[in-house]
Amino acid sequence: MRFIVIAILVMIATSQEFVQFYSAFENADVSQLDGWTIQGSLSKSQGDNFFSCSSSAVFGGPKAFGKGAIITKQFQLPPHFQIKISVEVWKFDAWDTQRQFFYLDNYLWETMWTGSDGTKRCATPAGGNVNSFQVDQTITHNHAALFIAFTSSADKVADKMSWGIRNLKLFYLPCPTECGTCLGPDAIVCQMWVPVSSSWIKTLDADGWQAKGSQNTIKTSTCAGIPIIGGPGNFGNNVSIQKIFDKLVPHYRMKVIAQFWKIDNWDNDNAVLLIDNQEKWKQNVAQVEDKEYFICDKISPGGVDGTEKVININFETPHNYGAALVKWTATVKKSSKQASWGIRQFQLYVAQCASNCATCTGPSVEDCTACVSPYVLLDPEDGNGSGCVLKGDWVEFTSEFQGSSWTANEDWKVSDGKNGPDFTTTCGDFKFFGGYEKTGKDAKITRKFNLPAHKRIRIAFEAWKIDNWNGEDYVVKVDGLNVWSRTFGFGDPGLADICGGDGFENYAIVDFIIGHEASTLELVISTTIGKDNNNASFALKGFKLYFEKPDACATLYTECNFTGKSFNMCEDLPNFQLAKYPSKIKSIQVPAGAKVVLFDEMDYNGKTIEYTENQKCIQEYEFKFLQKNQQSYVLTANN
């Protein structure tokens, strides 16, 4: 027997422990077959997919897996950076240097069997030798989706030459809890990555992507039970798919994690990824390469029986624009029945700037080069620190859901929630408004506020996702406008499984400022949790609402008693008529603590009248005083 491993194995010394996420085939229970796709099996029934040899139940064997048999299964995983597999591989009867192998995405393990390998440890239809051994391998892997495929190059039917597996166990090594994606155990180098979007991990649909060229619709195909976007008969020569991702948070780098499938007969062609119409990643695929295998069926008529190659992509590049155009294509020159390509999963991340930075060169506050309005950038040379500080006269209007001893204000409402009317929950040491078995799919949390005079508002709180989200959005609206959203799902940092059902909890900091002058404000918090997702909910904690005081503006009216046309004067005005305000002013509202000074000459010259309180009706002689020397007059409002 000759043993071959084609891969780069990475063993990283770390204090983190592997987490087992799958175990099967210690016995012949047919319920273990759930989720597996079995093709080319000789078996006549589910029970025939198992074979008993020396008191060991083997998945496969002489009644099932021989020439052309392939079994596959898919998994969705939390953030991780290694996968470990433990499995027994079995061969039955007369092999002649054929191979048995398995794939974990693009990783290939294989072994070569001969007829002399093993002993006659149990009776088989062909009366040949049986052999088995344990395989334990650890590989680098950080994609949110994983497929495993077992197959062989056996050239005889199962009752002459067969294979099987037993005691399959799969493990992942988790990322640090602060990280949504990682390449190792160090949180410092991964915690800045924020998920932007994920596609084609659990479900396949267009998801906003567009096809261009000889194919103008997004189509899917299935290879041995593994669904992919594109594939045989769909994506061939002169085809590209693209999507615009806008409203990106301020960032300085972009990361793409994806899986590209080369299908059938490529001829030194390239798989290509472009960002903003610039080629950022390219891989050439030769006519014949290692780590290729038959997995997709031949398209009929006109198809060819070529091999497939799976390419796991983990790519990052500098990027700081507010939007990005991501485009996939290939340089194949043949039709999609002879040479095609597809994408199985896609994840997009950006490396986020520090809080309230508009542009930056790195993740820390010292790397901030400009701030979002109304924040201003501190100059470290002034000795006041670094980063962005809030500019303006802000007042905290309300602070709620702080700590663990609060009671929710009755003005908070929940529509389409469950198990009310009390919608508070606990999650570990935290107390939430909303949460597990309270606010899930279709639920909305609302609150109306009556505010004093203001010109902007700031809202800040922790937006929590509970359990298993599938790339769905947490959405905040103010007066019907979407002002903040965040996608949760595959690629989220998982703090821990601290409450709810089977899944990790995570949160994002909501902190936004918008222009707002209306006396009322309606807040709506909702999600896009899907119809079939019962194991997901949302909550909030630590809510604060601030308002910025309005400028000290005097309001001028053309009629007495604050009627007629009105005009706000919020700054000094050197020439009243050039500003196209009417010369007839009959009443004035003066802000508290402010003073209005009227001049009878331009540029703040001449005689003056001062008002420190509201004037319901300015008398005619005062009005004449203002007009007696000049056709124009000026007004200034001083605090």
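1. A salt bridge here is a side-chain nitrogen of Lys or Arg within 4 Å of a carboxyl oxygen of Asp or Glu. R99 and E110 form one, with their closest N and O atoms 2.2 Å apart. The two residues are eleven apart and link distant parts of the chain: R99 is in strand β8, E110 in strand β9 (residues 107-114). Strands and helices are DSSP runs, numbered from the N terminus (strands: E, at least two residues; helices: H or I, at least four).

2. A word on the basis. This is a predicted model, in which local features need pLDDT of at least 70 and side-chain atom pairs count only at pLDDT 80 or more, while totals for chains, interfaces and linings use all residues. Residues are numbered from 1 along each chain as its sequence is written, and side-chain values use heavy atoms, with hydrogens and water left out.

3. Are R99 and E110 buried or partly exposed? R99 is partly exposed, with a relative accessible area of 28%. E110 is buried, at 4%. The cut-offs are these: buried is under 20% relative accessible area, exposed is over 50%, and partly exposed lies in between (1.4 Å probe, protein chains only).

4. How many salt bridges does the structure hold? The total is 18. Among them is E26 with K169, at 3.3 Å from N to O. E26 sits in the loop between β2 (19-24) and β3 (37-39), and K169 in strand β12 (residues 161-174), so this pair ties together parts that are 143 residues apart in sequence. Both ends are partly exposed: E26 has 44% relative accessibility, K169 a relative accessible area of 22%.

5. Another salt bridge joins the side chains of D159 and K160, at 3.6 Å from N to O. D159 is partly exposed, with a relative accessible area of 28%. K160 is partly exposed too, at 43%. Beyond these pairs, R253, K255 and E316 are linked in a network of salt bridges.

6. R458 lies over the face of Y546, at 4.9 Å from the ring centre. The criterion is NZ of Lys or CZ of Arg within 6 Å of the ring centre and within 35 degrees of the ring normal.

7. Now the rings. The structure holds 49 aromatic pairs. W200 and W209 form a tilted one, 5.1 Å centre to centre, with 45 degrees between the planes. Both W200 and W209 are buried. Rings of Phe, Tyr and Trp (its six-membered ring) pair if their centres lie within 6.5 Å; planes under 30 degrees apart count as stacked, over 60 as edge-to-face and the rest as tilted.

8. F260 and W281 also form a tilted pair, 6.5 Å centre to centre and 50 degrees between the planes. F260 belongs to strand β18 (residues 251-264) and W281 to strand β20 (residues 278-285), so the pair ties together parts that are 21 residues apart in sequence. F260 is buried, with a relative accessible area of 0%. W281 is buried as well, at 13%.

9. Why is strand β11 (residues 145-152) described as largely enclosed by the rest of the structure? Eight of its eight residues are buried, so the strand is largely enclosed. In a regular strand the side chains alternate between the two faces of the sheet. Both faces of β11 are covered: A145, F147, A149 and T151 are buried on one side, and L146, I148, F150 and S152 on the other.

10. Which strands pair with β11? T72 has A149 of β11 as its bridge partner. Strand β8 (residues 96-104) is joined to β11 by five bridges, also antiparallel. F102 stands opposite F150 in β11. Two strands count as paired if DSSP finds at least two bridges between them.

11. Five strands form an open antiparallel sheet, in the order β14-β17-β22-β19-β20. β14 (210-213) and β20 stand at the edges with a single partner strand each, so one side of each is left without a neighbour in the sheet. The twist averages 20 degrees from one strand to the next. Axes are lines fitted to C-alpha atoms (for helices, over the stretch in contact), and angles run from 0 to 180 degrees between N-to-C directions.

12. Within this sheet, five bridges join strand β19 (residues 269-275) to strand β22 (residues 324-330), and the two run antiparallel. V272 has T329 of β22 as its bridge partner.
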